[in-house]
Amino acid sequence: VQLQASGGGLVQAGGSLRLSCAASGRSLSTYGMGWFRQAPGLEREFVAAISWSGGSTNYADSVKGRFTISRDNSKNTVYLQMSSLKPEDTAVYYCAAEPTGWATRGPYDYWGQGTQVTVSS
């Protein structure tokens, strides 16, 4: 599975962005999918996950109520809608896939290359 994350950019605090993660090489329809982020000098952290059907989701406390993960299996794509963005959301965001199909915090087997999100104050 090859994953390509996109949609990052520069946004003011309080703004919104939608990240996309498109897959090639294999259908994602049976995979659990997750988003992670890594800020400079910090470890990579879990952000959100969604089960293979989209029926179950899982969020980090820091983004709950502000971010929404979703998926469109017909497009082989997973999304992360980010709203009410804060400067502390600034990071490189990565999407990942795992074969059990659950909305898990890890471990993940496949990773995308990351997309930069910068939130200015």
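A search of the whole structure, which is a predicted model, turns up four salt bridges. Let's work through some of them, then turn to other features.

**Exercise 1. Work out which parts of the chain the salt bridge of D89 and R66 ties together.**

Step 1. In this salt bridge, the closest N and O atoms of D89 and R66 are 2.7 Å apart.
Step 2. D89 sits in the loop between β8 and β9, while R66 sits in the loop between β6 and β7, so the pair ties together parts 23 residues apart in sequence.
Step 3. Both D89 and R66 are buried.
Step 4. These two residues join R37 and E45 in a network of salt bridges.

**Exercise 2. Describe the surroundings of strand β5 (residues 45-50).**

Step 1. On one side of the pairing list is β4 (residues 32-38), which runs antiparallel to β5 and is joined to it by five bridges.
Step 2. Strand β6 (residues 57-59) also runs antiparallel to β5, with three bridges; here I50 stands opposite T57.
Step 3. Check the hairpins. The one of β4 and β5 has six residues between the strands, and G41 takes a positive phi near 80°. The one of β5 and β6 has six residues between the strands too, with G54 at a positive phi near 85°.
Step 4. Five of the six residues of β5 are buried, so this strand is largely enclosed by the rest of the structure.

**Exercise 3. Locate the disulfide and give its handedness.**

Step 1. The whole structure holds one disulfide, formed by C21 and C95 with sulfur atoms 2.1 Å apart.
Step 2. C21 belongs to strand β3 (residues 17-24) and C95 to strand β9 (residues 91-98), so the link spans distant parts of the chain, 74 residues apart.
Step 3. The torsion about the S-S bond is about 65°, so the disulfide is right-handed.
Step 4. Both cysteines, C21 and C95, are buried.

Technical notes
Residues numbered from 1 in each chain as written. Predicted model: local features only at pLDDT ≥ 70, side-chain atom pairs only at ≥ 80, totals over all residues. Heavy atoms only, no water. Disulfide = S-S within 2.5 Å. Helix = DSSP H or I, 4+ residues; strand = E, 2+ residues; numbered from the N terminus. Buried < 20%, exposed > 50% of the residue type's maximum accessible area, 1.4 Å probe, protein only. Pairing = 2+ DSSP bridges. Salt bridge = Lys/Arg side-chain N within 4 Å of Asp/Glu carboxyl O.
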